Amino acid sequence: MSTYIAAIDQGTTSSRCIVFDHGGAIVSVAQKEHRQIFPRPGWVEHDAEEIWANVLDVVHGALQKASLTVHDLAAVGITNQRETTLVWDKATGKPVHNAIVWQDTRTDQLVKELGEQNRFRDKCGLPLATYFSGPKVRWLLDHVDGLRERGERGEVLFGTMDTWLIWKLTGRHVTDVTNASRTMLMNLETLDWDDELVDAIGVPRAMLPEIRSSAEVYGTATGTLDGVPVASALGDQQAALFGQTCYSPGEGKCTYGTGSFLLVNTGDKPVVSENGLLTTVGYKIGDQPAAYALEGAIAVTGALVQWFRDKMGLIGSAPEIETLARSVEDNGGAYFVPAFSGLFAPHWRSDARGIIAGLTGYIDKGHIARAVLEATAWQTREVVDAMNADSGVELTTLKVDGGMTANNLLMGFLSDVLDVPVVRPIVAETTCLGAAYAAGLAVGYWSDTETLRENWHKAAEWLPTMDARTRDKGYRKWKKAVERTVGWIDEDDNDE
């Protein structure tokens, strides 16, 4: 048996490849950032060809670092930024336009025209919002000359980034149920494209990939990974849920990356949210029934630290924010609501824009740094409150992963505002781990999910120390700041 499993994580700001051993430990990592393209305010794009070149680089780099060849790999899995949308020419493989990133808000007017926010929620589990892929495809069809006609003839293909990578690796045009559940075009019950949704949003069915499970062999790779089975695909947040071994109803995790995403496994039936959360597919292993999840999506968390570093120039590297924030005792009364792309869960207000509230002459850059970090915790609190209300079960522990979990000040504050323990596993890169686990299950590298549970070990735990009065006062002030973010966008702000 081949010794290792590789996972490709095609993320919002970078692509990476991680090689894992049978114990779920990291053998090697390679990572490469790609450009963020901002053609207009609120618009975000990626160059899919650049991403593909980077993916090949990181796969080669990860193998080289560990002195491995493709013959050492039992399979490769894929995890990806989810709603980011690409259309490419079936014959040439060339994208017809840059990929439109999940954070992009150019479809704001189209979303309003499509109707009431909850119009499709019963079928697809999602509110009508700029976040999802369906409206993004429709925008491309409306704005790229001749694209609709080519789509109807099946000459161009639509995919999220998992589909693009699988197509480039194997020549197969497929996606998995987790990514398909983020398009607004898939029926949560049938796990197939829904004619009513496809027609209402206006996407030719001939463009759509085949929907498959999250763990099965889609094809065999050629090129750099020649002969290796491509055996899993999961949207990044579902991959993290899988990597955190949340296989039973009620188990959940929160991933802290560019944005932050809290998912709770709800079992084999979709739960419709009454509190602004998303109903989504958690994962589907081969022929087994799908596991569903409730999700709270927060658009901007790690991206706020990047903004603080790159646009404001107040720190030279992301880790420096903790040192700067520790230079003061508290936020000095300042609250930062980073509604750069509107507010996601539980508000779903695309007309919101970011603000810093509570500024006085006393505030210095240390207070702003602390407010930047605290914004992530307060946004998580809003989602946890909604999750508790929907599920009827109080969160007792939060499993966390992602790059921001290295920030001890943030993790401690998060435990304080949630009033529950926050736990980080030894392998914090659970997004890649989840893709690796699913691929390994598909090819028999691991026998079952119980084996995977045995690999999970706690690395760090933070316990709440804040008194209830301080917590409640801070949360009230946060909510006041949030109220001041909405209503900033006029009708003509999105005009052509």
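A residue is called buried here when its relative accessible area is under 20%, computed with a 1.4 Å probe on the protein chains only. Keep in mind that the model is a predicted one.

## Annotated residues

The unreviewed UniProt entry carries a "binding site" annotation that covers Arg82, Glu83, Tyr131, Asp236 and Gln237. Tyr131 sits in the loop between α3 (121-124) and α4 (133-143). Is Tyr131 buried or exposed? Its relative accessibility is 0%, so Tyr131 counts as buried. Beyond its neighbours within four places in sequence, Tyr131 is in contact with residues including Arg82, Glu83, Trp102, Glu295, Ala297, Phe344 and Trp348.

Arg82 belongs to the loop between β5 (73-80) and β6 (86-89). With 2% relative accessibility, Arg82 counts as buried because the cut-off is 20%. Setting aside residues up to four places away in sequence, Arg82 touches, among others, Tyr131, Asp236, Gln237, Phe261 and Glu295.

## Strand β18

Glu295 and Ala297, both contacts of Tyr131, are part of β18, where 8 of 8 residues are buried. Ala291, Ala293, Glu295 and Ala297 point one way from the strand, while Tyr292, Leu294, Gly296 and Ile298 point the other way.

## Cavities

How many cavities of 30 Å³ or more does a search of the whole structure find? There are 2. The largest has a volume of about 70 Å³ and is lined by 13 residues, with Ile298, Leu343, Phe344, Ala345 and Gln379 nearest its centre. Elements that give two or more residues to this lining are β18 (291-298) and α12 (365-391). By class, the lining of the largest cavity has 9 nonpolar, 3 polar and 1 charged residues. Phe344, one of the residues nearest the centre, is also a contact of Tyr131.

The second largest cavity has a volume of about 40 Å³. Its lining is made by Arg370, Leu373, Glu374, Leu409, Leu410 and Phe413, and α12 and α13 (408-418) are the elements that give two or more residues to it. That lining has 4 nonpolar, no polar and 2 charged residues.

Definitions and conventions
Residues numbered from 1 in each chain as written. Predicted model: local features only at pLDDT ≥ 70, side-chain atom pairs only at ≥ 80, totals over all residues. Heavy atoms only, no water. 1 Å grid on protein atoms, 1.4 Å probe; cavity = no way out; pocket = protein on both sides within 12 Å on 5 of 7 lines; lining within 4 Å. Points joined across faces, edges and corners; volume = space filled by probe spheres on them. Helix = DSSP H or I, 4+ residues; strand = E, 2+ residues; numbered from the N terminus. Nonpolar A, V, L, I, M, F, W, Y, C, P; charged D, E, K, R; others polar. Buried < 20%, exposed > 50% of the residue type's maximum accessible area, 1.4 Å probe, protein only. UniProt positions renumbered as here; feature names shortened; annotations may be inferred. Contact = heavy atoms within 4.5 Å.
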